[in-house]
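Reader: I am new to this structure and would like to be taken through some of its contacts. Could you please begin with the terms required?

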Amino acid sequence: MRNVVILAGGSGTRLWPLSRDDRPKQVLPLAAGESLLRVAYNRLQGLVEPANIYVCTVGAYADVVRKELPELGPHAIIGEPARRDTANAVGLASAVVARNDPDAVVAFVGSDHLISPEDEFRAAIENGFAVVEQRPRSLVTFGIEPTHPHTGLGYIERGTAIDGTAAFVVDRFREKPDLATAEEYLATGRFWWNSGMFVWRAETVLSVLDELLPESAANLRQVASVWDTPEREATLAGIYPNLRKISVDYAVMEPASQGKVDAEVVVVPMPVHWLDVGSWAALAGTYSSDPNGNRTDGTTLSCLLDSHDNIVVTDDPNHLIATVGLRSHIIVHTKDVTMVCPLSDGERVKDLVAQVQSDHATKYL
């Protein structure tokens, strides 16, 4: 049976101070007044049965997820007691889905992507399902055709086409490149952006984890075995925080693509406009711009004198942000924090959050 898991465990630290521990980015109204999580859920309509849609998130977010998606079934939220990166998140979700359906096929999609057109997204996921149903040892990922030499994303180098499918062999995964390397990638025409979305048989990825991450795999299977019992919470809390923290790319996709296990890694094209809303610069790409290149969310009150190429946001519609002669900065105002940084240092907001935590504990997080 086909299933979809929305991965929604990110804390959104690079969108601080708007994103907080109790108000993560995926439930903020960042997509034309709707939350990213709601948009991600709505995008799945008609793709699988509603009962086969799950959300994997940090346990502390379970209530806000349920409030945002009240139509989710009572057992559709898979809560992690701690963040142990994506290998464990997809392993846990795969084990939970497979406990009642050993033949389950599972797609994993993000909660912080803006994607259009949505029918092309659904068609690509359908193609991924079809590949896995035809080739059960396949691990499918999705490639986005690059529009520019992005240095903040990983890349997939595709190889030969696989007869009878919409997929290609993955030659190599490449880490985030410098600008010159990214330009070289685009010039070849063989590289796609790594979307971080997947499709596979649950039992296939669990068997791969048995080989590549055996201790974690055994523990995840143990958790899944008691998932529908009163022992779940205690077992999960005792095991999960101690699992090795590692991404699914490092733990599964890269070694599998190198032939280290009996599974094939393939890529299916997803011909969409795709935005990973992971930073202020990325989010500002959805905002309107004034003649000087300043971007706001449409509700921010601002007066920007001789100021150019700034990102200006406040969650208080009555609070005026005024600047003079400012160039290429990010200004974000909330009721208890004002954050200012050069646009070129936008990726360092995550480091700033760590410093704020060190200096002020969790008061402003």
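Author: Contact, or touching, means heavy atoms within 4.5 Å. This is a predicted model, in which local features need pLDDT of at least 70 and side-chain atom pairs count only at pLDDT 80 or more, while totals for chains, interfaces and linings use all residues. Residues are numbered from 1 along each chain as its sequence is written, and side-chain values use heavy atoms, with hydrogens and water left out.

Reader: Which residues does Thr-160 touch, not counting residues up to four places away in sequence?

Author: Thr-160 touches Phe-168 and Val-169, with residues up to four places away in sequence not counted. Thr-160 belongs to strand β7 (residues 155–161). Helices (H or I, at least four residues) and strands (E, at least two) are DSSP runs, numbered from the N terminus.

Reader: Is Thr-160 buried or exposed?

Author: Thr-160 counts as exposed, at 56% relative accessibility. Buried means under 20% relative accessible area, exposed over 50%, and partly exposed in between (1.4 Å probe, protein chains only).

Reader: What lies over the face of Phe-168?

Author: Arg-158 does, at 5.8 Å from the ring centre. A charge sits over a ring if NZ of Lys or CZ of Arg is within 6 Å of the ring centre and within 35 degrees of the ring normal. Likewise, the charged end of Arg-232 sits over the ring of Trp-227, 4.5 Å from its centre.

Reader: What does Leu-92 touch?

Author: Trp-227 is one of its contacts, and among the others are Ile-78, Leu-220 and Tyr-240, not counting residues up to four places away in sequence. Leu-92 is part of helix α3 (residues 85–98) and counts as buried, at 0% relative accessibility.

Reader: Turning to rings, how many aromatic pairs does a search of the whole structure find?

Author: The search finds 6 aromatic pairs. Rings of Phe, Tyr and Trp (its six-membered ring) pair if their centres lie within 6.5 Å; planes under 30 degrees apart count as stacked, over 60 as edge-to-face and the rest as tilted. One of the pairs is Phe-108 with Trp-200, which is tilted, at 5.4 Å centre to centre with 50° between the planes.

Reader: Which parts does that pair tie together?

Author: Phe-108 lies in strand β4 (residues 105–110) and Trp-200 in strand β9 (residues 191–201), so the pair joins parts that are 92 residues apart in sequence. Trp-200 also forms a stacked pair with Phe-198, at 5.3 Å centre to centre and 20° between the planes. Phe-108, Phe-198 and Trp-200 form one aromatic cluster. Phe-108 counts as buried, at 0% relative accessibility, and both Phe-198 and Trp-200 are buried.

Reader: At what angle do the axes of helix α6 and helix α9 cross?

Author: The axes of α6 (residues 202–212) and α9 (residues 248–257) cross at roughly 95° and come within 10 Å. Axes are lines fitted to C-alpha atoms, for helices over the stretch in contact, and angles run from 0 to 180 degrees between N-to-C directions. The helices α6 and α9 are therefore roughly perpendicular to each other; angles under 35 degrees count as roughly parallel, over 145 as roughly antiparallel, 65 to 115 as roughly perpendicular and the rest as oblique.

Reader: Which residues make the contact?

Author: Val-205, Val-208, Leu-209 and Leu-212 of α6 meet Ala-251, Val-252 and Pro-255 of α9.
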